[in-house]
Amino acid sequence: MVTSSNWFSILHMSDIHLAEPTQDQQDMSDAFIRFLEYVRTEKIDPAAPLKMVCIDGDLTEKIISFNGNTWKYLFNTIVWLGRWCEQHNYILRFMRGTYSHDAEQTAHVIPIFNALRLAVNFRYVDRIELEFIEDLNLRILYLPDDLPYENSEAILEAVWIKMRELGWDYVDYAHVHGFFDFTCPEVARSKQKIIYHAEQFTFVRKLVHAGHVHYFDTYDNIVSNGNVDNLCFGEKGPK
């Protein structure tokens with residue numbers, strides 16, 4: 001039974017795009033950190049404490065190298081995030097976003113956190129995955145971008161196969177990085193082979209968190225959260 005005594009909050013973010021080359025890298029890092037501290041201190045209801053932090057794709061804008069200073073700011077931000085979650089006992093989840101942005105580099109949080117010996121519950125996801133988080137009694141579906149399927153129907157078929165293997169008929173939350181029919185601009189539709197539809201997610205009991213589009217929008221129980229920093233990419237709007 002859910003009562004006011006066991007309510008909690010989850011922070012969902014996507015499309016942070018650290019290392020965006022037109023921006024000051026120190027400023028982007030500082031703004032991200034200030035945003036998280038603002039949410040923690042000003043936006044979280046004490047009656048529903050923050051328990052989980054999710055970055056649902058596009059942590060980075062582009063593939064970076066050790067040549068130059070950009071990697072330093074990204075590295076320092078990742079280290080700060082891990083220590084922040086350890087300090088406050090937050091569960092932390094990273095999901096790969098669009099491959100041209102994240103590629104495989106977000107996976108480096110694994111050796112970084114392991115080298116720092118952080119006592120934090122974290123996970124990196126780069127494929128269709130289902131997870132039961134026992135501490136929160138939650139079932140979660142993860143759908144990164146650029147999955148190797150021809151359309152959203154094939155993806156959801158694969159999801160249902162995995163759910164039946166676990167004996168599940170629902171999840172509490174779905175974390176999705178990709179276009180929904182209500183978020184995909186008309187000019188982009190002809191180039192997209194994967195577009196999700198609300199009716200495909202009736203098995204999600206709580207919310208579908210959709211990353212990829214950089215403005216806030218909702219439809220039914222689907223929330224397109226928009227990007228954290230006010231980077232435009234042709235999609236400037238409410239966040």
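**Asking around a predicted model**

User: Which strand is His-177 found in?
Analyst: Heads-up: this is a predicted model, where local features need pLDDT of at least 70 and side-chain atom pairs count only at pLDDT 80 or more, while totals for chains, interfaces and linings use all residues. Residues are numbered from 1 along each chain as its sequence is written, and side-chain values use heavy atoms, leaving out hydrogens and water. Strands are DSSP runs of E with at least two residues, helices are runs of H or I with at least four, and both are numbered from the N terminus. His-177 is found in strand 7.

User: Is His-177 buried or exposed?
Analyst: Buried means under 20% relative accessible area, exposed means over 50%, and partly exposed is in between (1.4 Å probe, protein chains only). His-177 comes in at 0%, so it counts as buried.

User: Which residue's side chain does His-177 join in a polar contact?
Analyst: A polar contact is a pair of N or O atoms within 3.5 Å; within protein, one must be able to donate a hydrogen and the other to accept it, and residues adjacent in sequence count only if both atoms are side-chain atoms. Here the two side chains are 3.2 Å apart, and the partner of His-177 is Asp-58.

User: In what order do the 6 strands of the open sheet with mixed pairing come?
Analyst: Two strands pair if DSSP finds at least two bridges between them. At the edges sit strand 5 (129-133) and strand 11 (217-219), each pairing on one side only. Reading across, the order is 5-6-7-10-12-11.

User: Which residue in strand 7 is the bridge partner of Leu-143?
Analyst: Strand 6 (residues 138-143) runs parallel to strand 7 (residues 171-177), and 4 bridges link them. In strand 7, the partner of Leu-143 is Val-176.

User: At about what angle does helix 5 run to strand 5?
Analyst: Axes are lines fitted to C-alpha atoms (for helices, over the stretch in contact), and angles between N-to-C directions run from 0 to 180 degrees. Helix 5 (residues 152-166) lies across strand 5, strand 6 and strand 7. Its angle to strand 5 is about 40°.

User: Which are the edge strands of the open sheet with parallel pairing?
Analyst: That sheet has 4 strands in the order 1-2-3-4. Each edge strand pairs on one side only, and the two are strand 1 and strand 4 (122-125).

User: What hand does the β-α-β unit of strand 1, helix 1 and strand 2 have?
Analyst: Strand 1 is joined to strand 2 (residues 50-56) by 5 bridges, and the two run parallel. Helix 1 (residues 25-43) is the α part of the unit. A crossover is right-handed if, with the strands pointing away from the viewer, the path from the first strand over the helix to the second runs clockwise. This unit is right-handed.

User: Why is strand 1 largely enclosed by the rest of the structure?
Analyst: Look at residues 9-13, which make up strand 1. The strand is largely enclosed because, of its 5 residues, the number buried is 4.

User: How many disulfides does a search of the whole structure find?
Analyst: A disulfide is a pair of cysteine sulfur atoms within 2.5 Å. The sulfur of Cys-85 has its closest cysteine sulfur in Cys-54, 9.7 Å away, so that is too far for a bond. Both cysteines are buried, with Cys-54 at 0% and Cys-85 at 1% relative accessibility. Across the whole structure, the disulfide count is 0.

Definitions and conventions. Contact means heavy atoms within 4.5 Å.
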